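Here is a short report on helix packing and a few selected residues. Please look over the sequence and the fold first.

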Amino acid sequence: MVAKALTTRPADALWEQGRHYLAGTGRAAAAARARELAGSSMACNIGWLTGVAADASTAATNTAGYEQLAALLGDLPTTTWLEADAPHLGVDVSPELCLRNLRIVAEGLPSGRFIQIGAEDATRTDAVLGTVLAAHRQGLPVRATVQANLHRSEEDVERLIHAGTPVRLVKGGFRETAATALQDPAHIDTAYLRYARRIAAAGVPLTLATHDARMWRQLLPALSGTPVEMLLGVLPAEARRLRAAGVPVRLYVPFGTDWQGYVAKRVSDAEAAGVSGHAATYEERGE
């Protein structure tokens, strides 16, 4: 895989090639970028690039880090939200532990902000979705992510609609087998359009998280006011163009010292897009 090959490059070379995909390595850099984006009328989710918690102790350490990040939002523009990955908070240990830790983080979140929970590979999807739905039932300000490529997503969309849980819709950011996910890009596009229209028709808050302008062109005329979410550093001119046209734009703004896998993925996607000449080559956030 290209992304894995890229991680074998010297760290300084990879950093120079992909640093524009990151706010930086510390919280202060992420805060500065959030303020900068707000000055351009763009919202953002700040995400922390850290390790997966394989035990309760690591999950507790990560939770403390997310608590600090949640507190930081109080000094940032109101359009700044928190991005959290369930594996950081212990979902691999147990969904119950993850929910408890998510509750701790939410307690420190300023009023009116949200925690956007990221998508994971298919083996984790059930645990992550269950945690998000449980958190929403408890009144926590969470938002789910649905991957249009997964076979299970039609049922998941209906569960989230029934619960009234806000949805960020992505095409899919992980390599999946045919047993778990659609493989034909055209079929994924069709699913993306169908789920977006279904969620919007149900009146559930929706964010279109894709870099594929074809999806924007087909959906936005009928879904006025629906935000488009993109990744920091990916097609920035398109983000500015959308915002100038009155489309709400939200960027994923990552920071952290555990950045190499994420940056390698972004560089790999950029190289693939350059070869194909097609922006849809950019995958979503998954590594």
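This is a predicted model: local features need pLDDT of at least 70, side-chain atom pairs count only at pLDDT 80 or more; totals for chains, interfaces and linings use all residues.

Local features are reported where pLDDT is at least 70. Side-chain atom pairs count only at pLDDT 80 or more.

## Helices α4 and α5

Two packed helices are described by the angle between their axes and the distance between the axes. Helix α4 spans residues 56–72. Its axis and that of α5 come within 9 Å and cross at roughly 25 degrees. Angles under 35 degrees count as roughly parallel, and α4 and α5 are therefore roughly parallel to each other. The crossing of α4 past α5 is right-handed.

The α4 side of the contact consists of A56, A59, T63, Y66, E67 and A70. These meet L97, N101, I104 and V105 in α5. By class, the contact of α4 with α5 has seven nonpolar residues, two polar and one charged.

## Helices α5 and α6

Helix α5 covers residues 95–107, and helix α6 covers residues 122–137. They pack at an angle of about 45 degrees, with axes 10 Å apart. Helices α5 and α6 are therefore oblique to each other. Here too the handedness is given: α5 passes α6 in a right-handed crossing.

From α5, the contact draws on P95, C98, L99 and L102. Their partners in α6 are A127, T131, A134 and A135. Seven of the residues in this contact are nonpolar, one is polar and none is charged.

## Helices α7 and α8

Helix α7 runs over residues 153–163 and helix α8 over residues 185–201. Their axes come within 10 Å and cross at roughly 15 degrees. That makes α7 roughly parallel to α8. The crossing is right-handed.

In α7, the residues in contact are S153, E154, V157, E158 and I161. They meet R194, Y195, R198 and I199 in α8. This contact has four nonpolar, one polar and four charged residues.

Is S153 buried or exposed? With 1% relative accessibility, S153 counts as buried, because the cut-off for buried is under 20%. S153 belongs to helix α7.

Which residues does S153 touch, leaving aside its neighbours within four places in sequence? They are V146, Q147, A148 and Y195. Y195 is also among the α8 residues in the contact with α7.

## D212, a buried loop residue

D212 sits in the loop between β6 (206–209) and α9 (213–219). Its relative accessible area is 1%, so D212 is buried. The side chains of D212 and K171 are joined by a polar contact of 2.6 Å.

How far apart are the C-alpha atoms of D212 and E271? The separation is 16 Å, and the two residues are 59 places apart along the chain.

S41 is not a glycine, yet its phi is positive, at about 65 degrees. S41 is in the loop between α3 (27–39) and β1 (43–48). Its relative accessibility is 44%, so S41 counts as partly exposed.

L235 is not a glycine either, and has a positive phi of about 50 degrees. L235 lies in the loop between β7 (228–231) and α10 (236–244). At 21% relative accessibility, L235 counts as partly exposed.

How values were computed
Residues are numbered from 1 along each chain as its sequence is written. Side-chain values use heavy atoms; hydrogens and water are left out. Axes are lines fitted to C-alpha atoms, for helices over the stretch in contact, and angles run from 0 to 180 degrees between N-to-C directions. Helices (H or I, at least four residues) and strands (E, at least two) are DSSP runs, numbered from the N terminus. Angles under 35 degrees count as roughly parallel, over 145 as roughly antiparallel, 65 to 115 as roughly perpendicular and the rest as oblique. A crossing is left-handed if the near helix is turned anticlockwise from the far one by less than a right angle, and right-handed if clockwise. Contact means heavy atoms within 4.5 Å. Ala, Val, Leu, Ile, Met, Phe, Trp, Tyr, Cys and Pro count as nonpolar, Asp, Glu, Lys and Arg as charged, and the others, Gly among them, as polar. Buried means under 20% relative accessible area, exposed over 50%, partly exposed in between (1.4 Å probe, protein chains only). A polar contact is a pair of N or O atoms within 3.5 Å; within protein, one must be able to donate a hydrogen and the other to accept it, and residues adjacent in sequence count only if both atoms are side-chain atoms.
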